[in-house]
Amino acid sequence: GEDKNFSEKFCPILSALLAESLMYENSVRLSLGKEKLLFAPVVSDMEDEIDFSDEIMSIALPYGVAAYFYEDDGESYNAMMYRERFVNALTEAAKCNFTDIKDVYGGEEV
């Protein structure tokens, strides 16, 4: 059977991980010419569909979920290990980072 604790915790945990992943998801979207998301999706049901990239959905997020559940079970070593894998997978998924550039030299525009 399904663990009731898992069902109750999964959606809020996944929503938090999606919020953490938003910057990386947007870099993937921008690299593909897609519009970036202003907000991460909030998961309210186990059947919700999430429009995030495969790299994040199939690699990073499972590590993040595992980290939360290991922490909840009091296994801090495994929690830290999976948290690190989550962060590394997000970093590897990132395609580009866009930032505004400020002209501090005051030169002419080209």
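Figure 1. Y70 is found in helix α2, where helices (H or I, at least four residues) and strands (E, at least two) are DSSP runs that are numbered from the N terminus. The model shown here is predicted, and for that reason local features need pLDDT of at least 70 and side-chain atom pairs count only at pLDDT 80 or more, whereas totals for chains, interfaces and linings use all residues. Residues are numbered from 1 along each chain as its sequence is written, and side-chain values use heavy atoms, with hydrogens and water left out. At a relative accessibility of 26%, Y70 counts as partly exposed; in these legends buried means under 20% relative accessible area, exposed means over 50%, and partly exposed lies in between, with a 1.4 Å probe and protein chains only. When its neighbours within four places in sequence are left aside, Y70 is in contact with E75, N78, A79 and Y82, contact meaning heavy atoms within 4.5 Å. Y70 and E55 are 15 residues apart along the chain, and their C-alpha atoms are separated by 22 Å.

**Figure 2. The aromatic pairs.** A search of the whole structure finds two aromatic pairs. Rings of Phe, Tyr and Trp (its six-membered ring) pair if their centres lie within 6.5 Å, and planes under 30 degrees apart count as stacked, over 60 as edge-to-face and the rest as tilted. One of the pairs is formed by Y63 and Y82, which are tilted, with 6.0 Å from centre to centre and 45° between the planes. Y63 lies in helix α2 (residues 54-72) and Y82 in helix α3, so this pair ties together parts that are 19 residues apart in sequence. Y63 is partly exposed, with a relative accessible area of 28%, while Y82 is buried, with a relative accessible area of 18%. Y82 also forms a pair with Y70, and this one is stacked, with 5.3 Å from centre to centre and 20° between the planes. This pair links distant parts of the chain, with Y70 in helix α2 and Y82 in helix α3, twelve residues apart. Through these ring pairs, Y63, Y70 and Y82 are linked into a cluster.

**Figure 3. V87 in helix α3.** V87 is found in helix α3, which covers residues 76-93. The residue is partly exposed, with a relative accessible area of 35%. V87 and L61 are 26 residues apart in sequence, and the distance between them in space, C-alpha to C-alpha, is 9.5 Å.

Figure 4. R29 lies in helix α1, which covers residues 4-31, and at 7% relative accessibility R29 counts as buried. Not counting residues up to four places away in sequence, R29 touches K34, E35, K36, L37 and D51. L22 is likewise found in helix α1, and L22 is buried, with a relative accessible area of 16%. With residues up to four places away in sequence again not counted, L22 touches L37, L38, F39, A40 and F52. L22 and P41 are 19 residues apart in sequence, and they lie 9.1 Å apart in space, C-alpha to C-alpha.

Figure 5. The chain has three helices and zero strands, and from the N terminus on its elements run α-α-α. The radius of gyration of the chain is 17 Å, well over the 13 Å that the globule rule gives for 110 residues, so the chain is more spread out than a compact globule; the radius is taken over C-alpha atoms, and the rule is 2.2 Å times the number of residues to the power 0.38. Along its principal axes, the C-alpha trace spans about 65 × 30 × 20 Å. Of the 110 residues of the chain, 32% count as buried. Among contacts in the chain with a separation of 6 or more, residues 24 or more positions apart account for 66%. The chain has 9 positive and 23 negative side chains, and the centres of the two sets lie 2 Å apart, where Lys and Arg count as positive, Asp and Glu as negative, and His and the chain ends are not counted.

Notes:
The place of a charge is taken as NZ of Lys, CZ of Arg, CG of Asp or CD of Glu.
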